[in-house]
Amino acid sequence: MAAPPNGRVLPPSFDINTFDKVMDAMATIVGSDNVSRDSFHGNLGGPGGELFYGDIWPMGDTTDHTPSGAIRPKSVDEVQEIVKVANRYKLPLWTVSRGKNLGYGASGAVVRGSVILDLHRMNKIIEVSEEHAYAIVEPGVSFFDLYNYIQAKGYRLWPSCPALGWGSVLGNTLERGFGYTPNGEHAEQQCGMEVMLGTGEVVRTGMGALPGSPMWPLFKGGYGPSIDGLFYQSNLGIVTKLGIHLTPAPASFALCELSVPSQDQLISMVRTLAHLERENVIQNHTSISNPFRRALADLTTCPDLVPRVLGPGLQSGGGCATNADMTALAKERGWGYWTGDFALYAASPAILDANWALVHERIAAAGISGACVKITFRADAAPNERLNASKLAVPSEYTAIPQYGVPGTQNASLMETRGGPNAKGNGHICFSPLFSTDGIEMQAWWDRAQQMAEDARFDVFADFHVYGRYVLAIALVVYRPHDEGERVKGLFERWLEDAEKHGVSEYRTHLDYMDRVRGQFNWPGGSGVGAEAGGGQERGKQDALGQVLRRLKGVLDPEGILGQGKSGIWTVPART
Ligand code: ADP
């Protein structure tokens with residue numbers, strides 16, 4: 001096929017005339033202002049105001065996720081018309097809700113030349129119930145939108161939000177993202193969905209299938225098998241509405257911090273916190289930081305830290321704040337090596353007092369040498385009142401982690417930390433492995449992972465999320481895409497190889513690595529009806545779960561128009 005004029009990217013096996021024809025058809029559905037015929041404009045805007053679609057921070061130049069264009073519908077009817085046209089032309093679509101997904105590929109698609117189905121104009125908050133503490137939202141609703149709506153109504157609810165509030169409630173939930181309130185495991189809080197399949201059929205899940213039932217956002221199960229899980233990190237459908245449970249505002253609230261002095265105490269720290277979370281004494285999850293991350297939090301108040309923490313990144317060829325230096329710094333400042341931030345939420349001050357006493361008791365009983373736990377902020381409502389999150393006078397050094405559900409963007413300034421203060425144009429990657437809360441494998445992994453980061457001359461920011469039964473141990477690295485992309489990719493691949501060797505997987509990954517992570521989930525299963533009785537080796541090739549997902553893909557999206565390659569699921573060979 002001839003190269004497209006003007007260097008335009010086209011969907012695989014499309015020529016420019018067919019592409020223009022299909023985009024003309026899309027323009028009759030959504031209006032020409034809502035169709036982009038290249039990737040250069042129309043996006044909501046990245047952290048630096050980038051308006052183009054794609055992976056705004058490519059790791060190296062070996063993979064290219066540039067879309068050929070975008071379509072921005074406003075309604076479910078428009079999405080349905082788009083899906084019909086896409087089926088007719090076999091046009092590959094890639095759905096985003098707000099397209100923020102930073103560190104995992106942003107608004108890029110696995111297959112170069114896919115058209116982005118950008119749902120940010122579908123931004124209705126369909127319902128919020130104060131009494132039952134839920135919301136039903138469309139894809140374009142951001143965490144800011146939901147919070148502002150709740151504030152405007154004066155509802156006593158604390159909606160959960162992640163570290164940055166500009167993303168989509170629905171998109172983040174589908175990626176199994178998390179926030180920091182007691183309802184912060186978003187996928188666990190989801191209740192009811194409306195989904196359009198690749199065929200254009202629209203389905204409501206759970207109680208949503210019972211016409212007129214008020215139970216849709218209240219009872220997850222419905223009747224018979226649940227299918228909601230099929231649409232997580234998925235290319236089996238386009239989710240057009242989602243119900244999610246919210247945290248009722250507490251009457252008493254405290255921000256708390258647990259620190260332990262040495263690197264090898266991660267195991268006991270994680271075990272103790274996870275136990276308190278399983279007991280529901282701590283209701284949100286704990287976010288654990290290493291000394292580098294702890295130092296970043298203090299940079300504005302302690303400018304003397306800047307040369308020590310950010311200075312090494314200015315070295316020619318890129319350097320890093322070494323673990324030895326950051327360990328010494330933590331000791332000098334009395335921070336502890338690991339700092340865990342969590343909160344207590346209670347229906348009365350007396351309950352909070354009781355839970356705080358239990359936190360103390362359990363930590364003392366764990367016998368972690370040098371452990372220090374304290375309340376850094378507390379608020380109690382007047383009798384028979386509940387707290388309004390927007391009115392809490394939380395000191396600025398504790399506002400970065402939104403444990404009381406107020407969305408912000410201050411964490412985006414993290415990107416400015418490589419190459420000196422106020423550096424621009426940086427990106428970040430997240431390596432996001434999962435561990436058991438016994439902490440043993442996690443401690444061993446971290447000791448290796450931070451050494452690998454240091455060998456690759458990158459600062460590493462530990463962002464570990466401790467839940468009752470698992471830890472999402474995110475290692476975050478800020479890099480300069482223009483001259484550090486290849487080196488950061490090398491580091492990411494060393495981390496991946498190491499994880500594969502130890503039977504560890506990520507919970508979510510970048511577009512570049514979806515096939516590879518899917519490849520880890522290859523439990524062989526047993527032979528089904530009609531399969532030849534195979535030996536262990538044959539069965540070893542079967543990849544039972546992958547096979548089922550591919551079969552479902554063939555049924556729910558027979559022309560393979562949705563999200564080819566998402567989470568390593570394909571119906572047809574890669575169209576490159
Ligand atoms: P956010 O803006 O919250 O970061 P995105 O809109 O970037 O979220 O979505 C992240 C990923 O989730 C997308 O790349 C896509 O794979 C999936 N996704 C987003 N919205 C939908 C949707 N409405 N239906 C199905 N999958 C979606």
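Predicted model: local features only at pLDDT ≥ 70, side-chain atom pairs only at ≥ 80, totals over all residues.
Let us begin with the partner of phenylalanine 464: across in strand S19, this residue is bridged to alanine 473. Strand S18 covers residues 461–466, and S19 covers residues 470–479. The two strands run antiparallel and are joined by 6 bridges. Together they make a hairpin, with 3 residues between them.

S18 has a further partner. Strand S13, residues 286–289, pairs with S18 in the antiparallel sense over 3 bridges. Here, too, phenylalanine 464 takes part, as the bridge partner of isoleucine 288.

How many of the residues of strand S18 are buried? The count is 6 of the 6, so the strand is largely enclosed by the rest of the structure. Phe461, Asp463 and His465 point one way from S18, while Ala462, Phe464 and Val466 point the other way, and all are buried.

In soluble globular proteins, nonpolar side chains tend to be buried together. The largest nonpolar core in this model has 62 residues, and the members that touch the most others are Trp338, Val359, Phe464 and Trp495. Domain 1 (5–118) and domain 3 (252–515) each supply at least three residues to this core. Apart from it lies another core, made of 29 residues, including Ala25, Val30, Val76 and Val85.

Which residues are in contact with tryptophan 495, leaving aside its neighbours within four places in sequence? They are Ile429, Phe431, Ala449, Met452, Ala453, Val460, Ala475 and Val477.

I turn now to the sheets. Strands of a sheet pair through backbone hydrogen bonds, either parallel or antiparallel. Glycine 69 stands opposite valine 115 in S4.

A second open sheet has 5 strands, ordered S5-S6-S10-S8-S9, with antiparallel pairing. Its edges are S5 and strand S9 (202–204), each with a single partner strand, so that one side of each is left without a neighbour in the sheet. From one strand to the next, the twist averages 10 degrees. Strand S8 (residues 190–197) pairs with strand S10 (residues 237–245) in the antiparallel sense, over 6 bridges. In this pairing, methionine 196 stands opposite isoleucine 238. Helix H2, residues 76–89, lies across S8, S9 and S10 and runs at about 40 degrees to S8.

Glutamine 189 deserves a brief word. The residue is found in helix H5, residues 186–189. Is glutamine 189 buried or exposed? At 14% relative accessibility, glutamine 189 counts as buried. Not counting residues up to four places away in sequence, glutamine 189 touches Pro182, Asn183, Lys220, Gly243, Ile244 and His245.

Next, two points of backbone geometry. Most residues other than glycine have a negative phi, and most peptide bonds are trans. Alanine 133, however, has a positive phi, near 55 degrees. This alanine is found in the loop between strand S5 (125–129) and strand S6 (134–137). Alanine 133 is buried, with a relative accessible area of 9%. Asparagine 280 also has a positive phi, near 65 degrees. Its place is in the loop between helix H6 (266–278) and S13, the strand that pairs with S18.

Finally, the cysteines. How many disulfides are there? The count comes to 0, where a pair of cysteine sulfur atoms must lie within 2.5 Å to qualify. Cysteine 256 is buried, with a relative accessible area of 1%. For cysteine 320, the closest cysteine sulfur is that of cysteine 430, 18 Å from its own and again too far for a bond. Cysteine 320 also counts as buried, at 11% relative accessibility.

Key. Residues numbered from 1 in each chain as written. Heavy atoms only, no water. Core = buried A, V, L, I, M, F, W, Y, C linked by side-chain atoms within 4.5 Å. Buried < 20%, exposed > 50% of the residue type's maximum accessible area, 1.4 Å probe, protein only. Domains from an automatic or database assignment. Contact = heavy atoms within 4.5 Å. Helix = DSSP H or I, 4+ residues; strand = E, 2+ residues; numbered from the N terminus. Pairing = 2+ DSSP bridges. Axes fitted to C-alpha atoms, helices over the stretch in contact; angles between N-to-C directions.
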